[in-house]
Amino acid sequence: SFPPPRRSPRRNTSVGAGQLLHRRVSVGTGSEIECDVVVTATGLKLVQSPGNIEISVDGTPMKLREHVTYRGAMLNDVPNLVHTLGYLNIAWTLRAELMYKWTCRLLNHMRAKGATVAVPRLRPEEVSAPRRRLVEGFTPTYFLRALDGFARQLPSRSAADPWQIHIQDHFKDKVQLAAPLDDGVLHYH
């Protein structure tokens, strides 16, 4: 049997650079902090585009911030590019699996139509629709620090389907990604 956990006041301490010792951390000032748990982090660095690659359409470099996400899978006016952005508050792979299945469904649909290109296009009434940040509602400090400035580089989203992304709601995402592929927004040729 294990002894009962000792009760101690909960506190979170940020020590910056320090040295790990047995059951304590030595900080730069020479003092030591006794601890039960140490979480180390090297920081989060977000890249400007998927995989930090340069994306161009017909030789013209693409700026993500000038595009709107289609179902959180593609970008308007960018043909044949499917990207995966996993969930932030639940398992990343849950959304990655949805995206994998959606992409296979899209490829099979394209094959059945005899198409080699699929590109989402904003409808005239959607061109001037209000835009929202791609990621909202995820507020851990490490993420907000990394996101500062970077958010201006990300594509936007709209409040209405199919330009909405349910990045924090797996069940809404499943419904959205099961929608018909002939929706008047995805164009094939």
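Two rings of Phe, Tyr or Trp (for Trp, its six-membered ring) make an aromatic pair if their centres lie within 6.5 Å; planes under 30 degrees apart count as stacked, over 60 as edge-to-face and the rest as tilted. By this rule, the count here comes to two aromatic pairs. What you're looking at is a predicted model, where local features need pLDDT of at least 70, side-chain atom pairs count only at pLDDT 80 or more, and totals for chains, interfaces and linings use all residues. Residues are numbered from 1 along each chain as its sequence is written, and side-chain values use heavy atoms, with hydrogens and water left out.

**The aromatic cluster**

- Let's start with the rings: Tyr 70, Trp 102 and Trp 163 form one aromatic cluster.
- The rings of Tyr 70 and Trp 102 have centres 6.3 Å apart and planes at 55°, so this pair is tilted.
- Tyr 70 sits in strand S6 and Trp 102 in helix H1, so the pair ties together parts that are 32 residues apart in sequence. (Helices, H or I with at least four residues, and strands, E with at least two, are DSSP runs numbered from the N terminus.)
- Tyr 70 also pairs with Trp 163: the ring centres are 5.6 Å apart and the planes at 70°, so that pair is edge-to-face.
- Trp 163 is in the loop between strand S10 (157-158) and H4, 93 residues apart from Tyr 70.
- Tyr 70 counts as buried at 0% relative accessibility. (Buried means under 20% relative accessible area, exposed over 50% and partly exposed in between, using a 1.4 Å probe and protein chains only.)
- Trp 102 is buried at 2%, and Trp 163 is buried at 2%.

**Helix H1**

- Helix H1 covers residues 92-113, and its 22 residues should span 32 Å at 1.5 Å a residue; the end C-alpha atoms are 32 Å apart, which agrees. (The expected span is 1.5 Å times one less than the number of residues.)
- Its buried residues are Arg 95, Leu 98, Met 99, Trp 102, Leu 106 and Met 110.
- Seen down the axis of H1, those buried residues fall within an arc of 105°, so they line one face of the helix. (The arc is that of the directions from the helix axis to the C-beta atoms.)
- An α-helix has 3.6 residues a turn, so residues three or four places apart point the same way.
- On the face turned away from the buried side of H1, you'll find the exposed residues Thr 93, Tyr 100, Arg 111 and Ala 112.
- Just after H1, Gly 114 takes a positive phi of about 75°.

- Arg 71 lies in the loop between strand S6 (69-70) and strand S7 (74-75), and counts as buried at 6% relative accessibility.
- Beyond its neighbours within four places in sequence, Arg 71 is in contact (heavy atoms within 4.5 Å) with residues including Arg 95, Trp 102 and Asp 183.
- Asp 183 forms a salt bridge with Arg 71, with the closest N and O atoms 3.2 Å apart. (A salt bridge is a side-chain nitrogen of Lys or Arg within 4 Å of a carboxyl oxygen of Asp or Glu.)
- Asp 183 lies in the loop between H4 and S11, and Arg 71 in the loop between S6 and S7, so this pair ties together parts 112 residues apart in sequence.

**Other salt bridges**

- The whole structure has seven salt bridges.
- Arg 123, Glu 125 and Glu 126 are linked in a network of them.
- Arg 123 meets Glu 126 at 2.7 Å, N to O, and Glu 125 at 4.0 Å.
- Glu 125 is exposed at 57%, Arg 123 is partly exposed at 25%, and Glu 126 is buried at 10%.
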